[in-house]
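Let's take a walk through this one, starting with the annotation and ending at the place where the chains meet.

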Amino acid sequence: MLKLIGSRLATAVPSLIGVVIVTFLLTRVLPGDTAAYFAGPAATPQAIAEIRTKLGLDKPLPAQFLDYVTALAKGDLGSSLSTGQPVATEIRNRLPASAELTLAGLILALLIAIPYGIAAAVKQGTWVDHSCRILTTAGVSLPVFFTGLLLVYVFYFKLGWAPAPLGRLDAFASPPPEVTGFYLIDSLIAGDFETFRASAAQLVIPAVTLAIFALAPIARMTRASMLAVLSSEFVRTARAAGLTPYKVIIVYAFRNAMLPVITTLGMVFSFLLGANVLVEKVFAWPGIGSYAVEALITSDFAPVQGFVLAMAVLYIVLNLLIDIAYGVIDPRARSEA
Amino acid sequence: MTLANPADAPRPASGLAATLRHAHYVISDNPVTGLAFGMFLILVVSALIGPFVVPYDPLASNTAMALSPPSTAHWFGTDQLGRDIFSRVIVATGLDMGIAICSVALVFAAGGIAGIASGFFGGWTDRIIGRISDTIMAFPLFVLAMGIVAALGNTVTNIVIATAIINFPLYVRVARSEAAIRRQAGFVQAARLTGNGEWRILLTQILPNIMPIMMVQMSLTMGYAILNAAGLSFIGLGVRPPTPEWGIMVAEGATYIISGEWWIALFPGLALMFAVFCFNLLGDGLRDIVDPQRRT
């Protein structure tokens, strides 16, 4: 098992190096004078030259790259132009908000998509199957920001069931004492059920929005992979041996069918982390996505760069976890490693 | 070239009649694909003819009529500046489709050729191109697109480039596997034997043969390209107001959703869904025709 994790870690290293190089190149090599960019439109030539020296932009490119990597190793992502705050601190403070939203969306999507996909495969050709097909095609066609707005209109404006889409808690409530940064968990630890209820209410609609988006690929993959497994010989044997349908489908078929689904999760995460940015914008969610969007509007590049890097590292780590989970579930993958 | 080649064989009954007959065959085979073609036609018509027939100037504001709900005069209502949303939605078709088509064409040229070269030559070419794709795939794609547009500058051209870059690995993967299968095919060896250079074989023999698969890929990624471009302009990148564009229009409408003015965001959002849905259906339908085994 350790050997497996080790070999997977080794495969993540080139991706990590690639990501660092790309984020570095995004600021330094591209057209336009970075120093003039950082100095702002009204800067004098002296000020630009000063900034150039300060940022180390007068050094040759490899030296600049070395500086960048050294700073990264110390956890320094630079500072925001507009607020002057270090980017790394800001991202660390905002990460739990994004993580809570993304995880809630993913869990919700899995809870709906997997049983649905299984049902569609088991009852192939019935209305369950057809509705699954329609849902998966429609799901990937929905712009996630649009779904979010529709849900806000229906559940906030029309029905009044949901609170105003303005962040994690309404302005008068105070967040629970921080332990994990997840309001749902922190409020439970503090035994504050009122805050738990309030933050859950804020979370539901954005999480559902993300879930609708993530549902389609998961349900589609579950259905396809269940169909393949259900027509295989070991399932036929299990059926012939007189096992109950429950045992055949859940114990025998499902476990095998999960492997391709777990592989798909990597792609789903790529979509989810991107969709997260849009959902955070719609719901004024104070995560790292809205931090990057705010910075984009003011042409503040350091936060954007930090955000892209943080997301990419997060994505690599998630893929690593998926790979390891795959090894845990499938003994064959373990022995190949 | 003296050897007979399947690609050079005269096609029976070429021309408009054959095209129509084939279109009829395709549509009657699968009604959903027929529907998708119909939707596609609507999109093309609104993109090409729309700007000349819309009832109002998409940029003309009329504050007296601001925020009025859909009516017979304004089918989709008006926005906060009193601009006619129906006209704006129709006119935006051209820009949104244009961005998607340009980026797909760009990535088809770059990713397609890179993928074919990768699969055909193998070795170092394959390793370098594979490494580039892997690096792109290491990012969550929309996030990478944001970073690219932020760095290159906030313009429509850069939206096109960013969308093309994030789709690059997909095209490389498809083209690479298709080219690798055909690397030692009989017709390739025949072409080599008659003295064609490797690049010439790649462009005149391999490329035409993998075109059907690549067309499916293009149709499937069109939908994603539209979504991606609209998402970027939704967060304020690329297209700028007052240009009519679906993503921006939804973003403008977002402010008014909370106070109940639903029509500003709804109609451009529906147009966006319509276009993406159309290309996804079209892609699925084309794939069923080109490659029936992958039908799911």
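Predicted model: local features only at pLDDT ≥ 70, side-chain atom pairs only at ≥ 80, totals over all residues.

Start with what the record says about chain B: an unreviewed UniProt entry annotates residues 32-54, 97-124, 136-153, 220-239 and 262-282 as "transmembrane region".

Residues 262-282 of chain B are 95% helix with 0% strand, and the C-alpha atoms at the ends sit 30 Å apart. Residues 136-153 of chain B come out at 78% helix, again with 0% strand, and here the distance between the end C-alpha atoms is 19 Å.

Now for the interface. The size of an interface is often given as the accessible area lost when the parts come together. For chain B and chain A that buried area is about 3800 Å², with carbon and sulfur atoms giving 79% of it. Which parts of chain B touch chain A? Helix 5 (123-137), helix 6 (141-152), helix 9 (198-234), helix 10 (246-257) and helix 11 (263-290) of chain B each bring at least two residues to that side. Helix 11 of chain B gives the most, with twelve residues. Sorted by class, the side of chain B that touches chain A has 32 nonpolar, eight polar and three charged residues.

In residue terms, 43 residues of chain B and 48 residues of chain A take part in the contact.

How values were computed: Residues numbered from 1 in each chain as written. Chains lettered and ligands numbered in written order. Heavy atoms only, no water. UniProt positions renumbered as here; feature names shortened; annotations may be inferred. Helix = DSSP H or I, 4+ residues; strand = E, 2+ residues; numbered from the N terminus. Contact = heavy atoms within 4.5 Å. Buried area = accessible area lost by both parts, 1.4 Å probe. Nonpolar A, V, L, I, M, F, W, Y, C, P; charged D, E, K, R; others polar.
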